[in-house]
Each structure stands twice: as structure tokens, then as C-alpha cells.
Amino acid sequence: MCRLLISAIFIFSGIVKLIDPTGTAYKVTDYMLAIFGSSWLPWVATLMLAVLLGLVEFCLGIYILFGIRRRWTTRIAVALMVFYTPLTLWLAVTDAVPDCGCFGDALKLTTWQTFWKNVVLLALCVMSLRMRKHYTRFISEQIQWLVSLYSIAYGLFLAALCIYALPVIDFRPYHIGQYIPTAMEWPVDADGIPQADATPEIIDFDFAEADEVLADTGYTFLLVAPALEVADDGNLDCINAISDYATRYGYRFLCLTSSSEPAITRWQDLTGAEYPFSFADAQMLMTMVRSNPGLVLIHDGTIINKWSSDTMPGEEALHAPLHTLDIGRLHPSSYHRLLLSLLLWYLIPLLLLTIADRLVAGTKWYQRKNHALQEAMEGSAEQPVEYGEEQPVEGRKEQLAEDGAEQLADGDEIQDTLN
């Protein structure tokens, strides 16, 4: 039970970070600002650190679950929690970073909840380290490297996909299908009275044209660029083409940014942008879409679609009014299919590999058992038997089987000790 709980927490924590590596990088930046007073790492290095953190936690959970390198994985788990626990205690006392980001946006915990969670997890990891020799392996030692390599490759692929094309699971309030006006309403109880200890799901959708965008029954393109100074300018032709398309069909196109007027002017000179700009809070923009810039499509107050700077629709996809195109409609089923496909691409090969390995291991164990039994019977047959002391045949077979099983058990115990 202890082993399953530890592996489940690490797998969940790691997979959430890999699904949203950009959000994890934002949180790493918050930690650096709180501890060092500045973010001295370049953005690319911060993003790589976020991916590495998620990959370590994900693989650590998988290794503990399957019993891979039990001595080293349990030691690394303890070392990780020895680092996390005092860090979260400092956060709880100082409130330097209100949200620790342990589980990303999937599960929000207060700083004190995070600290006590880490205390319990540290105790479980220490217990796991002491009991590691009693953990059963689910795969043989010969193919541990294959499961390890596959888990690492899958984690890296998932992180790269979510950086390139936005998180495959959006835990934030600005997810596709969200009706923003309802999300901005204050939660009420059964009697219709606003709850004092609750807040609306969306509290920061605030810029000069926000009310007009929500009241518009047509389509609105929002180009979201938290920082124009460092925005990706590799897809400028596509952005301008979308702006021209919106103008041609009478749709609103607006760029939201937290940058200053000089930065906006520089962007206009660089890109030839003729669309309007509006100032918005940087935190809201980074929450809305994990790309700089990113594109959000809103229709009648509902978020219909989102794109990163690398996946924005090209001219060939914008050849007709939006209500006649797939990108202008909600497709929740396609989202679920993508999520299911990503999950099965990891679970099915891992399950088949585990089953095949167990069949091979069971066959080898049965062969060794029969071989040990035959050797014991042959050795017994060569020994002289004194008159009156010969055992019954069935009793002798049972004794030889027990002797062979004890030899196999001794061999397994020696192997566990070496591991």
C-alpha cells in the first residue's frame, strides 16, 4: 500500500508537469524570484529544468511501481522529499509563493497543506527505503532498461508535444468550451446567496474591450502576447493573414498584451501589424494560453479554439466563414480521442511487455524447478539405502520437491540482497 501510494503521487505530479511544462516553467521562475530576487536563468533553460523536474518525478513513480532499481529509486525519492519538505515549510511560513505548483493547475493546495503532504510523503519514502527488499518486481531485471527507456522517451515526447501544440489537458479556467460569463459569476449556495469562502472561476478577464467581446454574438480572435519583447516572431505571416481574414469576414481581431507602448510600436514596425492592441494583466494572459504569442477564438462568450504560435491555422484552413469550418466549431470528442490515444500509447505497450515478461519468467522458473527436482532425484538414487529405511516413493518425491524449492528460494534471496 505504501509503495502504491508513493508511486501514484509521483506519477500524478510528474505527468501534470509534463502536460504543462510552460506553466511549470512559470512556477520555477516564481521560485527563483522569491529566493534569489531575480530570474537569472534564460527562458529556454528554465523550460528545460521544468521538463526535467516532471520527467524525474514521472519516471521515479514508474520505477517504484514496477520495482526497478529498488535501492536507487527509493534513495532518490527520499533525497527529493528531503529537499521539498523544508522548502515548502519556508513557503508556508513566508508565503513567498502562494501556490507551490506541486500538482500544477490540476489540484490546488495551500502552502500548509503542501507542507504536511510532504511530511507524510517523506515518512512513506523512508519506510519504502527500509522495506525495499520486500518489494516484488513486476518485471524481470533483464528488461528493466527497456521500461526505463520507454518511460523516458514517452515523457519527453509528451512534454515536447505540449510545448509545441499547447497542453493536451487544460486544467486552467480558460479551457476550450468554457463559457466565460458563467465562469465570472460568484458561486452561490442552494438559497442563491453568494458563498463568502468561494471565488469565481475567472476573476481576471479584464481589458478595455472585455464587455464588448463577451457581448458579441459573432467571432473574436484574441492574439495573446504576454510580452511582445520576447514573443516568437517566426509565424508573422500567418498572424497577419488571420488578421486580414478577420477583416474580410467582419470578425474582431485584437491583440492583448502587457507590454509597454514602445514595445507595441516596435512590434508594429517589425511585423507591419495593423490590428488594434489592448493592455491586459500578464498573469491573465499567461493563464489564458501557454504560448507567446498564442491565439484564442471566442464565439458568443465561449472559447471555441486555441492555438500556439506554431499551430495557428494557415490561409488554406481559412477559406470560408468560420461557422462553416471545423475550426469554428466545438469538437469535444476530438479532444477526448487525443487524450485516450496518448494514454493508450503508453499503457498498452507497457502492459504487453509486462505480460510477456511474466510469461517468460514463469516458464524459466518452472524449468529451473523441474531441473532442480531431477538433479535431487538423481543424486538420491545414487546413494545406498539401508535395509528397513527406504522411504515410500511418494514421500521421497515430496521431500525432493521441498529441497528443490528451498534451493530456488535461497537463490532469489541472494539476488534480492545484491539489488
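A nonpolar core is a set of buried Ala, Val, Leu, Ile, Met, Phe, Trp, Tyr and Cys residues joined through side-chain atoms within 4.5 Å. Buried means under 20% relative accessible area, exposed over 50%, and partly exposed in between (1.4 Å probe, protein chains only).

This is a predicted model, in which local features need pLDDT of at least 70 and side-chain atom pairs count only at pLDDT 80 or more, while totals for chains, interfaces and linings use all residues. Residues are numbered from 1 along each chain as its sequence is written, and side-chain values use heavy atoms, with hydrogens and water left out.

**The cores**

Begin by selecting F221, F253, Y275 and L322, the residues with the most contacts inside the largest nonpolar core, which has 30 residues. Next, colour the elements that give two or more residues to this core: strand 1 (219-225), helix 9 (236-249), strand 2 (252-257), helix 10 (261-271), strand 4 (294-299) and strand 5 (302-307). Helices (H or I, at least four residues) and strands (E, at least two) are DSSP runs, numbered from the N terminus. Helix 9 gives the largest share of the core, six residues.

Now centre on Y275. Leaving aside residues up to four places away in sequence, Y275 touches L223, I239, N240, S243, F253, C255 and W267; contact means heavy atoms within 4.5 Å.

**The salt bridges**

The structure holds 13 salt bridges, each a side-chain nitrogen of Lys or Arg within 4 Å of a carboxyl oxygen of Asp or Glu.

Select R69 and E141, whose side chains meet in one of them (3.8 Å, N to O). R69 is in the loop between helix 3 (43-66) and helix 4 (70-94), and E141 is in the loop between helix 5 (111-130) and helix 6 (144-165), 72 residues apart. R69 is partly exposed at 48% relative accessible area, and E141 is partly exposed at 28%.

Move to R290 and D105, another salt bridge (3.1 Å, N to O). R290 lies in the loop between helix 11 (282-288) and strand 4, and D105 in the loop between helix 4 and helix 5, so the pair ties together parts 185 residues apart in sequence. R290 is buried at 9% relative accessibility, whereas D105 is partly exposed at 25%.
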